[in-house]
Amino acid sequence: MATPKIVLFYVFTPLPDPEAVRLWQHTLAQSLGLKGRVIVSKDGINATLGGDIDEVKAYVRATKSYEPFRKADIKWSNGQGDDFPRLSVKVRPELVTFGTTDEITVTTDGVQGGGVHLGPGALHKLLDERGDEVVFFDGRNAMEAQIGKFRDAIVPDTETTRDFIAEIESGKYDDLKDKPVVTYCTGGIRCEVLSVLMKNRGFDEVYQLEGGIVRYGETFGNTGYWDGSLYVFDKRMHVEFGEGAESIGHCVECGTRTPEFVNCANLECRKQYLRCAECTAAGLQPECTDCAEDPALAEAAAG
Ligand SMILES: [Zn+2]
Ligand SMILES: [Zn+2]
């Protein structure tokens, strides 16, 4: 592949016939040899696709030619080639699975009642004006934050996006309800929904980082408030914003800083945990710490 590229975008807009959009998107992406994941729902589209630059450009042009997707904010990044195992284009009840289909209202202007969108520059302005009062709230799964997050961000205890409702209703974060809270996620889509859910539950001043960490990293690299690596859901596993970025995560075996996630060798578990390249090469710590510390599991693994 000459110049592998990955595009990430979403559009919240009412789609009366998601199945027709699914079929069109599948035919389009397949005809261009793209791989990755596209989710279509009655509320819009969420796509992450990779391929050679010319084909990806052709895909973007065709997708934007459909009026409801004309304003799609496309985030480009460099791939490594063959970044996704296959092409998957599906219709789902929700673009991101919070389990709250009834709570979200989508019009041609997008999600209604969400947090105020702040681009990277506007975010810095808010931080300049309000300083330490501002709280970052991570809208991703807790695991993703192990290798990178905004400075002093609150990382909710979430294994999947479905866990957010219980977290924000738990009372743990009630002290944030009268503070300026900035939610952030990879490309911004999870915050579109999360910020509505938070506002509906009494968080008064909610902002969402427009374009997500991807756009912020493009703008400020490692010179702003972001620390570490960005977890991504493709073969790259993580991306850094320029030279000098260092993961904030540590190898569970030796403690070295590393952004490398591996899967637990216990097939019943398969949890991802951090292990550095050296320890991987040496065959150390084949299981996650939970499995390694569980005597029954250790016995089973020993045969
Ligand atoms: Zn190590
Ligand atoms: Zn495990």
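Visitor: With which residue does aspartate 138 form a salt bridge?

Guide: Please note at the outset that this is a predicted model. As a general idea, side chains of opposite charge can pair when their charged atoms come close. Here aspartate 138 pairs with arginine 140, and their closest N and O atoms are 2.9 Å apart.

Visitor: Are aspartate 138 and arginine 140 buried or exposed?

Guide: Aspartate 138 has a relative accessible area of 0% and is therefore buried. Arginine 140 is likewise at 0% relative accessibility, so it counts as buried. The cut-off behind this reading is that buried means under 20%.

Visitor: How many salt bridges does the rule count?

Guide: The count comes to 19 salt bridges. One of them joins arginine 130 to glutamate 205, with the closest N and O atoms 2.8 Å apart. This pair links distant parts of the chain: arginine 130 belongs to helix H3 (residues 120-130) and glutamate 205 to strand E12 (residues 205-209), 75 residues apart. Arginine 130 has a relative accessible area of 27%, so it is partly exposed.

Visitor: Which residue meets lysine 177 in a salt bridge?

Guide: The partner of lysine 177 is aspartate 174, at 3.2 Å from N to O. Lysine 177 counts as partly exposed because its relative accessibility is 23%. Aspartate 174, with 38%, is also partly exposed. Salt bridges may also be joined in a network, as with Asp73, Arg215 and Glu218.

Visitor: What are the protein donors of the zinc ion (ligand 2)?

Guide: They are the SG atoms of Cys264, Cys269, Cys288 and Cys291, which lie 2.3 to 2.4 Å from the ion. The site of the zinc ion (ligand 2) is tetrahedral, with angles of 105 to 114° among its 4 donor atoms. In sequence the donors follow C-x4-C-x18-C-x2-C. Cysteine 269, in the loop between E16 and strand E17 (272-274), and cysteine 288, in the loop between H7 and helix H8 (289-293), are 19 residues apart and link distant parts of the chain. Cysteine 269 counts as partly exposed because its relative accessibility is 28%, whereas cysteine 288, at 1%, counts as buried.

Visitor: Into which domains is the protein chain divided?

Guide: The division gives domain 1 (2-89), domain 2 (106-229) and domain 3 (248-299). The C-alpha centres of domain 2 and domain 3 are 29 Å apart. Their contact takes 9 residues from domain 2 and 7 residues from domain 3.

Visitor: What is the area buried between domain 2 and domain 3?

Guide: The size of an interface is often given as the accessible area lost when the parts come together. Between domain 2 and domain 3 about 610 Å² is buried, and carbon and sulfur atoms give 72% of this area. Met143, Gln146 and Ile147 supply 75% of what domain 2 buries against domain 3, more than any other three residues.

Visitor: Finally, what is the phi of aspartate 152?

Guide: Most residues other than glycine have a negative phi. Aspartate 152 is not a glycine, yet it has a positive phi of about 60°. It sits in the loop between strand E10 (148-150) and helix H4 (164-168), and it is exposed, with a relative accessible area of 68%. Methionine 237 also has a positive phi, of about 70°. Methionine 237 lies in the loop between strand E14 (230-231) and E15 and is partly exposed, with a relative accessible area of 24%.

Terms used:
Residues are numbered from 1 along each chain as its sequence is written. Chains are lettered from A and ligands numbered from 1 in the order in which they are written. This is a predicted model: local features need pLDDT of at least 70, side-chain atom pairs count only at pLDDT 80 or more; totals for chains, interfaces and linings use all residues. Side-chain values use heavy atoms; hydrogens and water are left out. Domain bounds come from an automatic or database domain assignment. Contact means heavy atoms within 4.5 Å. Buried area is the accessible area (1.4 Å probe) that two parts lose on being put together, summed over both. Donors are N, O and S atoms within 2.8 Å of the metal (3.2 Å for Na, K and Ca); water is not among the atoms, so sites may look incomplete. Four donors count as tetrahedral if all angles lie between 85 and 135 degrees; four count as square planar and six as octahedral if opposite donors are over 155 degrees apart and all others between 65 and 115; anything else is irregular. Helices (H or I, at least four residues) and strands (E, at least two) are DSSP runs, numbered from the N terminus. Buried means under 20% relative accessible area, exposed over 50%, partly exposed in between (1.4 Å probe, protein chains only). A salt bridge is a side-chain nitrogen of Lys or Arg within 4 Å of a carboxyl oxygen of Asp or Glu.
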